[in-house]
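This report looks at the pockets of a protein and at the pairing of its aromatic rings. The sequence and the structure are shown here, and the description follows.

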Amino acid sequence: MSRRLPTIHNIVTDDSGPYRVEHLDLEFSNGERRRFQRLHGRGHGAVVVVPMLDDETVLLVREYAAGLHRYELGLVKGRIDAGETPSQAADRELKEEAGYGARSLTVLRELTLAPTYMSHATHLVLARELYPERLAGDEPEPLEVVPWRLDALHELILRDDFSEGRSIAALFIAREWLRT
């Protein structure tokens, strides 16, 4: 079923740190009116990188997660800087966080976090043909790099310290893409 998008009658904006909050006065096709809120991130988007050390091994990183106040295992990820493509950002983040560059970078798709109230999208990038190269990043401490076999993904997703949705989705998508 295809529906007409709601009509936006008014937008009120609050600037709150790294996000802009918008209050939308909406009217739906059935005449119903509601006020919705959405968050807009500042910047140019983000990347999540699936770095394949070989055909069967992905590189994960363990880093401090302030939102949960614990160390979390996940994929390399970060913001896209002004003027960068998703592939360029993925290669830079990979060098900063894991100490590798990639000769082959493939953007597989975009992932959203919470599209009902956030505009943020993350580009999923598969990185292959890795080689050692490190760039200075913005992390306050070196990240631990953890190799993980894709055939043990079922064990990884059950770990308490591997909970980020983008990393989980990205690994399953990349694994299926690599199989075809």
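## The second largest pocket

In this predicted model, the lining of the second largest pocket comprises 9 nonpolar, 4 polar and 1 charged residues. The pocket holds about 250 Å³ of space, and among the 14 residues that line it, Leu24, Leu26, Phe36, Arg38 and Thr116 lie nearest its centre.

Two strands, β2 (19-27) and β3 (33-41), each contribute at least two residues to this lining, and the largest share, 4 residues, comes from β3.

## The largest pocket

Two or more lining residues come from each of the elements β5 (57-65), β6 (70-74), β7 (76-79) and α1 (86-97). By class, the lining of the largest pocket consists of 13 nonpolar, 10 polar and 14 charged residues.

## Aromatic pairs

The model contains 2 aromatic pairs. In one of them, Phe28 and Phe36 are tilted, with 5.9 Å from centre to centre and 45° between the planes. Phe28 is partly exposed at a relative accessible area of 28%, and Phe36 is likewise partly exposed, at 36% relative accessibility.

The rings of Tyr64 and Tyr71 have centres 5.9 Å apart and planes at 65°, and because planes over 60 degrees apart count as edge-to-face, this pair is edge-to-face. Tyr64 is partly exposed at 38% relative accessibility, while Tyr71 is partly exposed with a relative accessible area of 41%.

Definitions and conventions:
Residues are numbered from 1 along each chain as its sequence is written. This is a predicted model: local features need pLDDT of at least 70, side-chain atom pairs count only at pLDDT 80 or more; totals for chains, interfaces and linings use all residues. Side-chain values use heavy atoms; hydrogens and water are left out. Ala, Val, Leu, Ile, Met, Phe, Trp, Tyr, Cys and Pro count as nonpolar, Asp, Glu, Lys and Arg as charged, and the others, Gly among them, as polar. On a 1 Å grid over the protein atoms alone, a cavity is a set of points where a 1.4 Å probe fits but cannot get out, and a pocket is an open set with protein on both sides within 12 Å along at least five of seven lines; lining residues have an atom within 4 Å of a point. Grid points are joined across faces, edges and corners, and a volume is the space filled by probe spheres set on the points. Rings of Phe, Tyr and Trp (its six-membered ring) pair if their centres lie within 6.5 Å; planes under 30 degrees apart count as stacked, over 60 as edge-to-face and the rest as tilted. Buried means under 20% relative accessible area, exposed over 50%, partly exposed in between (1.4 Å probe, protein chains only).
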